[in-house]
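Subject: Structure handover

Hello,

Here is the structure you are taking over. Please open it and keep it beside this email while you read.

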Amino acid sequence: MTKQATPAKRRKIASLDQRKARAGWWFILPFLIGFVIIYLPIIFDSIKYSFNEIHNIQGGGFYLEFVGWENYREALFDDPTFVTTLTSGVKQLFFDIPAIVIFSLFMAVLLNQNMFGRAAFRAIFFVPVILCTGLIDEVDAGNALINSMSDTSSSINTGSGENTVAQVVSAADFSRLFSNMQVGGEIFTYVAGLINNIYDIINRSGVQMLVFLAGLQSISPAIYESCSIDGASGWETFWKITLPMISPMILVNAVYTVIDAFTDATNPVMSYINNVYNEAGGMVLSAAMSWMYFLMVMVIIAVVVGILSAYIFYQKRDT
């Protein structure tokens with residue numbers, strides 16, 4: 001009786017999704033290593049400092065004294081400037097998010113059209129993002145032209161004397177336009193503020209434009225052809241096809257805009273916390289302010305995600 005050979009064990013082949021998942025982990029591995037080695041200890045130290053008070057030792061060094069929630073109480077109740085700056089920053093954010101998202105969506109729809117020089121126009125609208133980051137931003141900090149364009153209180157010569165940018169907007173007689181439309185003064189003030197702040201809005205819309213462009217180009221042309229055959233107008237196609245298909249990108253851009261606005265170098269809350277940190281003994285107080293600021297940003301992001309998620313359309317794909 002001959003002994004039968006045991007069949008060779010078949011090697012399990014990973015599926016395409018599993019290989020993509022592994023590639024993704026390898027891609028973010030350098031960030032994970034840096035986060036664990038560099039950033040995680042800093043985070044723990046920041047939390048520890050926020051619950052302690054620093055005492056200097058004569059001859060050099062310091063020691064920490066646990067004070068519990070004292071630094072948080074001082075930031076909220078003994079420092080009125082922090083609370084005022086925080087509330088004004090949040091209020092301004094709720095006005096900026098819709099403006100930036102709507103403007104970037106509008107420009108992405110225009111730049112997605114078939115036209116001559118489309119790539120050049122896309123690059124032009126993304127240039128402010130490059131100019132407002134890193135070393136170039138520091139160099140432009142002393143640029144008088146840039147400061148004048150971004151400052152609504154600066155003056156320009158219109159040929160009939162010096163006029164501020166805000167006065168130029170008022171000269172367009174938007175108040176009469178809104179009064180004829182039976183619209184309240186609050187909306188007029190909001191629209192005039194957006195026009196005055198158009199330079200900053202353009203600077204902060206470059207990344208969102210790219211995200212929207214990627215979403216628009218992922219929509220199958222066959223869907224638009226079907227709408228055209230059925231006689232749908234461009235207005236109907238936008239509201240019933242384009243907007244629902246890129247609604248996930250609206251959520252992504254809204255979250256990105258919130259984070260970008262709260263972490264911007266010119267953010268008044270960030271500037272105030274940095275000033276407190278530079279004061280004598282302000283390290284622990286600024287740490288408490290930073291963590292309250294961080295938790296508030298997380299709550300706002302959760303609210304934005306919760307509201308927009310109810311209106312997001314996800315296309316079902318056959319598996």
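Predicted model: local features only at pLDDT ≥ 70, side-chain atom pairs only at ≥ 80, totals over all residues.

Residues are numbered from 1 along each chain as its sequence is written, and side-chain values use heavy atoms, with hydrogens and water left out.

Overall picture

The protein has 16 helices and 4 strands; these are DSSP runs numbered from the N terminus, helices being H or I with at least four residues and strands E with at least two. Of its 319 residues, 27% count as buried (buried is under 20% relative accessible area, exposed over 50%, partly exposed in between, with a 1.4 Å probe and protein chains only). Among contacts with a separation of 6 or more, 61% are between residues 24 or more positions apart (contact means heavy atoms within 4.5 Å).

Helix 2 and helix 16

Helix 2 (residues 70-78) and helix 16 (residues 283-309) have axes that come within 9 Å and cross at roughly 75°. Axes here are lines fitted to C-alpha atoms, for helices over the stretch in contact, with angles from 0 to 180 degrees between N-to-C directions. The two helices are therefore roughly perpendicular (65 to 115 degrees; under 35 is roughly parallel, over 145 roughly antiparallel, the rest oblique). Helix 2 contributes Asn 71, Tyr 72, Glu 74, Ala 75 and Leu 76 to the contact, and residues from helix 16 include Val 284, Leu 285 and Trp 291. The contact residues divide into 9 nonpolar, 1 polar and 1 charged (Ala, Val, Leu, Ile, Met, Phe, Trp, Tyr, Cys and Pro are nonpolar; Asp, Glu, Lys and Arg are charged; the others, Gly among them, are polar).

The largest core

Which residues touch the most other members of the largest nonpolar core? They are Phe 82, Val 258, Phe 262, Met 289, Tyr 293 and Ile 300, in a core of 37 residues. A nonpolar core is a set of buried Ala, Val, Leu, Ile, Met, Phe, Trp, Tyr and Cys residues joined through side-chain atoms within 4.5 Å. Helix 16 gives the most to this core, with 11 residues. Not counting residues up to four places away in sequence, Tyr 293 touches Leu 86, Phe 262, Asn 267, Val 269, Met 270 and Ile 273.

Aromatic rings

The whole structure holds 8 aromatic pairs (ring centres of Phe, Tyr or Trp, its six-membered ring, within 6.5 Å; planes under 30 degrees apart are stacked, over 60 edge-to-face, the rest tilted). The rings of Phe 238 and Trp 239 have centres 5.4 Å apart and planes at 85°, so this pair is edge-to-face. Phe 238 is partly exposed, at 21% relative accessibility, and Trp 239 is also partly exposed, at 43%. One aromatic cluster is formed by Phe 51, Trp 69 and Tyr 72.

Two loop residues

Ser 205 sits in the loop between helix 10 (198-203) and helix 11. Is Ser 205 buried or exposed? Ser 205 is buried, with a relative accessible area of 0%. Leaving aside neighbours within four places in sequence, Ser 205 is in contact with Ile 100, Phe 103 and Ser 104.

Ile 219 lies in the loop between helix 11 and helix 12 (221-229) and is buried, at 5% relative accessible area. Ile 219 and Ile 241 are 22 residues apart in sequence and 9.1 Å apart in space, C-alpha to C-alpha.

Regards
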